[in-house]
Amino acid sequence: MVTTQNPAGPPPSDSRRHPRRSRPLTPVQKPAGRTAPDTADTEPEQRAGLPDAPSDQPRQLTPAQAFDALYAFCAPALVRQTYLLTGRRELAREAVERAFQLAWQRWPDVARDRDPAGWVRAVAYDCALSPWHRFRPRHRSPEPPPADPADRELLHALLTLPPAYRRTLVLYDGVGLDLPETAAETEASTPAAASRLTHAREAVAARLPELADPAALHRRLLELASAERLDSARPTHVRTGSERRNVFWTRAAIAFTVTIVGATTLTLRTAPTRYEPPIAPAQAVRGVPAVGVMGPLSREERALREKLRKAETSGPERVFPEPR
C-alpha cells in the first residue's frame, strides 16, 4: 500500500541552484488531504499527555487511488514538458498516457521507487523522442505552430537541437533538475550532460540573443509551455486502457503460442519417419559406340554360311566338335 505523503516522490534538490525560482512546468497545487496538527512548539510535558489521534497516521490508499493521485499531480505538467520536446500536442498527450499506462502495469515497483514522478517522466520522454514516430502517417504532417511569433521562434529553436541536447536543456532549464540528476535521467555522464547543456544554450542564444541568460530562458520555456491548452486524459481512462492493452497482448501471446504448438504437432505427424533418398534425374550415357548396321558378307563369311547349311542339323556332330 502507498500513503498519501508526497505521491509524486521526493522533489529534486534544485533549490540551491535556483534559490528564487519556483518549480517550473510543475503544478503548484499540493495534493488535497488533512494537515496534521503542528506540535513542534508544544512543551514536552504537554506532548507526552496527548493521546494518539487517528489523523496523525497517514491514510492508507488503494493502488488505484495512489496512482490517480500521482497522475493528477504530474500529468498536466508532464504534458507541457513533452510538448517542448516534440512540438506536437497530440504526441505529447499520447506519450504521457503511454508512460502512465506502463507505470500502472508495473505499479508495485513504481510505487516503491524513490521518485515515481521521475520514473514516469523518463518513460514519457523516451516515448516522445522515439524515432519510429516518423513512420506514422498521422505524425508526418506538421501541426499548427503557436500563435505568438516569439513562441514560434523559441519552439523552432528547440526543435532544431538534437534530441539529446533538447532533452538536457528542458530537464535543466525547464524542469529545474540539477546537473547530476539531468545526467542520470539522460543516461550520460555529468561532463557529457554539461557539454550538451552548454551547446544547447549556445544554439538557442545564437537564434534568440535575448535568451542568453539562463533565467530568461527558464521564464520563456515556462511561458511557452503554459501558452498551449494541453489537457490530459482522466486517470481512470489511463488505467482501463492499460488493462485492456495487457489483456490484448496476453491473448495475442496465447494465440501465437497455440499456433506454434499446432504447427509443430502437424509437422511431427506428417513428417516421414525414415530417410528416403531422392531419385536422381536421368542423364544421357556417353562413350557407348553406336549400333552398327549389317552390311554385305565377305567371302569367308559366305563360305562359313554355306558350310553351316550343309552340315547335319542333329546328331553328335552338332555336340562334339571334330578334331582338326
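Mentor: Rings of Phe, Tyr and Trp pair if their centres lie within 6.5 Å, with the six-membered ring used for Trp. Keep in mind that this is a predicted model.

Trainee: Which residues do ring pairs link into a cluster?

Mentor: The cluster takes in Phe67, Tyr71, Phe100, Trp104 and Trp107. By the ring rule, the count comes to seven aromatic pairs.

Trainee: What makes phenylalanine 67 and phenylalanine 100 an aromatic pair that is edge-to-face?

Mentor: Two values decide. The rings are 5.9 Å apart, centre to centre, and the cut-off is 6.5 Å. The planes stand at 80°, and over 60 degrees counts as edge-to-face. Therefore the rings pair, and the pair is called edge-to-face.

Trainee: Where in the chain do phenylalanine 67 and phenylalanine 100 lie?

Mentor: Phenylalanine 67 is in helix 2 (residues 63-86), and phenylalanine 100 is in helix 3 (residues 89-105). They are 33 residues apart, so the pair links distant parts of the chain. Both phenylalanine 67 and phenylalanine 100 are buried.

Mentor: Phenylalanine 248 and tryptophan 249 also form an edge-to-face pair, at 5.2 Å centre to centre and 75° between the planes.

Trainee: Why is phenylalanine 248 called exposed?

Mentor: Its relative accessible area is 52%. Exposed means over 50%, so phenylalanine 248 qualifies. Tryptophan 249, at 53%, counts as exposed too.

Trainee: How do you know that the charged end of arginine 239 sits over the ring of tryptophan 104?

Mentor: The charged end of arginine 239 is 5.7 Å from the ring centre. The limit is 6 Å. The rule also asks for a position within 35 degrees of the ring normal. Arginine 239 is listed as sitting over the ring of tryptophan 104.

Trainee: Why is serine 242 called buried?

Mentor: Its relative accessibility is 0%. Buried means under 20%, so serine 242 counts as buried. Serine 242 belongs to helix 11 (residues 235-270). Leaving aside neighbours within four places in sequence, serine 242 is in contact with Gln101, Trp104 and Gln105.

Trainee: What makes helix 7 roughly perpendicular to helix 9?

Mentor: Helix 7 (residues 163-175) and helix 9 (residues 190-207) pack at an angle of about 90°, with their axes 8 Å apart. Angles of 65 to 115 degrees count as roughly perpendicular, so helix 7 is roughly perpendicular to helix 9.

Trainee: Which residues of helix 7 and helix 9 meet?

Mentor: From helix 7, they include Ala164, Tyr165 and Leu169. From helix 9, they include Ala193, Leu197 and Val204. By class, this contact has eight nonpolar, two polar and three charged residues.

Note on methods. Residues are numbered from 1 along each chain as its sequence is written. This is a predicted model: local features need pLDDT of at least 70, side-chain atom pairs count only at pLDDT 80 or more; totals for chains, interfaces and linings use all residues. Side-chain values use heavy atoms; hydrogens and water are left out. Axes are lines fitted to C-alpha atoms, for helices over the stretch in contact, and angles run from 0 to 180 degrees between N-to-C directions. Helices (H or I, at least four residues) and strands (E, at least two) are DSSP runs, numbered from the N terminus. Angles under 35 degrees count as roughly parallel, over 145 as roughly antiparallel, 65 to 115 as roughly perpendicular and the rest as oblique. Contact means heavy atoms within 4.5 Å. Ala, Val, Leu, Ile, Met, Phe, Trp, Tyr, Cys and Pro count as nonpolar, Asp, Glu, Lys and Arg as charged, and the others, Gly among them, as polar. Rings of Phe, Tyr and Trp (its six-membered ring) pair if their centres lie within 6.5 Å; planes under 30 degrees apart count as stacked, over 60 as edge-to-face and the rest as tilted. Buried means under 20% relative accessible area, exposed over 50%, partly exposed in between (1.4 Å probe, protein chains only).
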